[in-house]
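This report walks through one protein model, part by part. Please keep the sequence and the structure in view while reading.

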Amino acid sequence: MSVEAVPFGGSQQGDNTPVPARGFGAASGTAGRRIATLLLRGGSLAVFVAVLIVFSVTAPYFLSVGNIGNVLGQSAIAGVLAIGLTVVMIAGGGNVVTGGIDLSLAANMGLSAAVYAVLSQAGLGDAVAVAGALATGLAIGVVNALAITLAGIVPLLATLAVMNVVAGLELVLTQNTVIPATGDLLTLLSGGGPFDIPVLAYVLIGFTLVAALIVQATPLGLRLYAVGEFPEAARASGLSVKPFIAGSFVFSGFCGGIAGILSVSYLSGSTTGAGDLLLPVVVTALLGTVFSRRLVPTVTGTLLSALFVGFLVNGFQLLNLSSTLVSGIQGLLILFVVSATTLLRKQETSA
């Protein structure tokens with residue numbers, strides 16, 4: 001009988017030499033990781049609450065119903081994009097270099113918004129404009145999926161290349177100018193809903209609930225997590241990994257199309273500089289992991305993260321502080337989250 005087969009604290013058969021009890025190192029490593037996870041998650045929630053308290057004291061009307069609704073509405077575009085990125089991270093794994101990442105999302109939103117605005121300005125109606133924006137987003141997602149699953153290009157490089165191509169197409173379509181757009185749907189989306197909360201806030205909440213139910217409460221969602229966290233085990237159990245990865249990028253592209261429509265309603269047309277939204281989207285998706293129980297990407301965690309980033313930006317605006325400070329803080333948050341989760345994974349591997 002091999003040593004590995006010996007029960008905890010037992011000895012080899014036919015050998016009077018005691019075999020050291022196994023499991024203490026693994027147990028202590030697991031306990032350490034649990035403590036570190038609790039500290040990271042609890043610390044993140046504490047920082048979230050602290051931000052709310054500080055801004056509620058220093059900024060007038062910060063925690064009013066109207067301002068909270070405005071934060072939700074302003075976070076809708078980045079939130080929808082971050083949910084798309086979250087699904088890519090779930091299916092592709094937590095390693096942002098070789099795993100799940102989609103850098104084309106912001107450019108996708110920009111081109112989808114441009115297509116919507118052009119079709120709307122041409123008088124083709126809301127239905128055609130919506131179909132055009134969603135088809136654009138889906139097409140970009142399909143290109144990403146094919147480049148990664150068929151051509152075998154690393155997601156980081158594939159989506160970076162697609163990002164530049166899509167950004168170029170947007171410039172060609174718009175001639176680097178703002179294209180105004182009007183329509184009944186845009187008027188509805190840009191208006192207010194019950195309790196004077198923007199309709200965009202309800203769109204974000206509704207989209208999050210649907211995505212969370214699918215990803216976190218259905219067999220499809222469980223398979224996505226299995227493919228991302230344990231790809232070899234998923235293959236051994238009969239799951240085909242590539243279709244799930246491809247599907248996650250197609251869904252991400254779909255989110256880009258939806259965000260494009262929301263962007264047109266929020267800005268009353270397409271606008272240049274969509275790439276500036278990439279950093280907030282990546283921050284929101286990565287930061288969402290620290291709001292989950294096991295430090296894994298979740299849709300609900302991404303919503304909390306979107307609110308955190310939204311309240312942070314809103315508080316700075318109310319206090320008339322420079323927006324460049326927000327960008328610096330977002331960069332620090334990326335470094336913090338990636339470093340902390342990487343260290344915890346290394347600790348789990350070595351345990």
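## Terms and basis

Helices (DSSP runs of H or I, at least four residues) and strands (DSSP runs of E, at least two) are numbered from the N terminus. The model is predicted, so local features need pLDDT of at least 70 and side-chain atom pairs count only at pLDDT 80 or more, while totals for chains, interfaces and linings use all residues. Residues are numbered from 1 along each chain as its sequence is written, and side-chain values use heavy atoms, with hydrogens and water left out.

Helix H4 covers residues 105-121, which makes 17 residues. From its first C-alpha to its last, H4 reaches 24 Å, close to the 24 Å expected at 1.5 Å a residue. The expected span of a helix is 1.5 Å times one less than its number of residues. Of the 17 residues in H4, 14 are buried. Buried means under 20% relative accessible area, exposed means over 50%, and partly exposed lies in between (1.4 Å probe, protein chains only). After H4 comes glycine 123, with a positive phi near 80°.

Glycine 260 is found in helix H11 (residues 241-267). Glycine 260 is buried, because its relative accessible area is 0%.

## Helix H13

Helix H13 runs over residues 299-318 and has 20 residues. At 1.5 Å a residue, H13 should span 28 Å, and its end C-alpha atoms are 28 Å apart, so the two values agree. Because 14 of its 20 residues are buried, H13 is largely enclosed by the rest of the structure.

At the start of H13, a side-chain oxygen of threonine 298 comes to within 3.0 Å of the backbone nitrogen of glycine 301. This is a polar contact, that is, a pair of N or O atoms within 3.5 Å; within protein, one must be able to donate a hydrogen and the other to accept it, and residues adjacent in sequence count only if both atoms are side-chain atoms. Just after H13, asparagine 320 takes a positive phi of about 60°.

## Helix H5 and threonine 149

Threonine 149 belongs to helix H5 (residues 126-149). With a relative accessible area of 11%, threonine 149 is buried. A polar atom of its side chain lies 2.6 Å from the backbone oxygen of alanine 145.

## The salt bridge

How many salt bridges does the structure hold? It holds one. A salt bridge is a side-chain nitrogen of Lys or Arg within 4 Å of a carboxyl oxygen of Asp or Glu. Here the side chains of arginine 235 and glutamate 232 meet at 3.0 Å, N to O. Side chains of opposite charge can pair when their charged atoms come close.

Arginine 235 and glutamate 232 are three residues apart in helix H10 (residues 231-236), so about one helical turn separates them. An α-helix has 3.6 residues a turn, so residues three or four places apart point the same way. Arginine 235 counts as partly exposed because its relative accessibility is 44%, whereas glutamate 232, at 58%, counts as exposed.

Leucine 157 lies in helix H6 (residues 155-174). At a relative accessible area of 53%, leucine 157 is exposed.

Glutamine 175 lies in the loop between H6 and S1, and so does asparagine 176, with strand S1 at 179-180. Most residues other than glycine have a negative phi. Glutamine 175, however, has a positive phi near 55°, and asparagine 176 has a positive phi of about 60°. Glutamine 175 is exposed at 58% relative accessibility, while asparagine 176 is partly exposed at 49%. Asparagine 176 and glycine 273 are 97 residues apart in sequence, with their C-alpha atoms 9.2 Å apart in space.

## Annotated spans

An unreviewed UniProt entry carries the annotation "transmembrane region" for several spans, including residues 199-222 and 243-267. UniProt positions are given in the numbering used here, feature names are shortened, and annotations may be inferred rather than shown by experiment. In the model, residues 199-222 are 96% helix and 0% strand, with end C-alpha atoms 31 Å apart. Residues 243-267 are 100% helix and 0% strand, and their end C-alpha atoms lie 36 Å apart.
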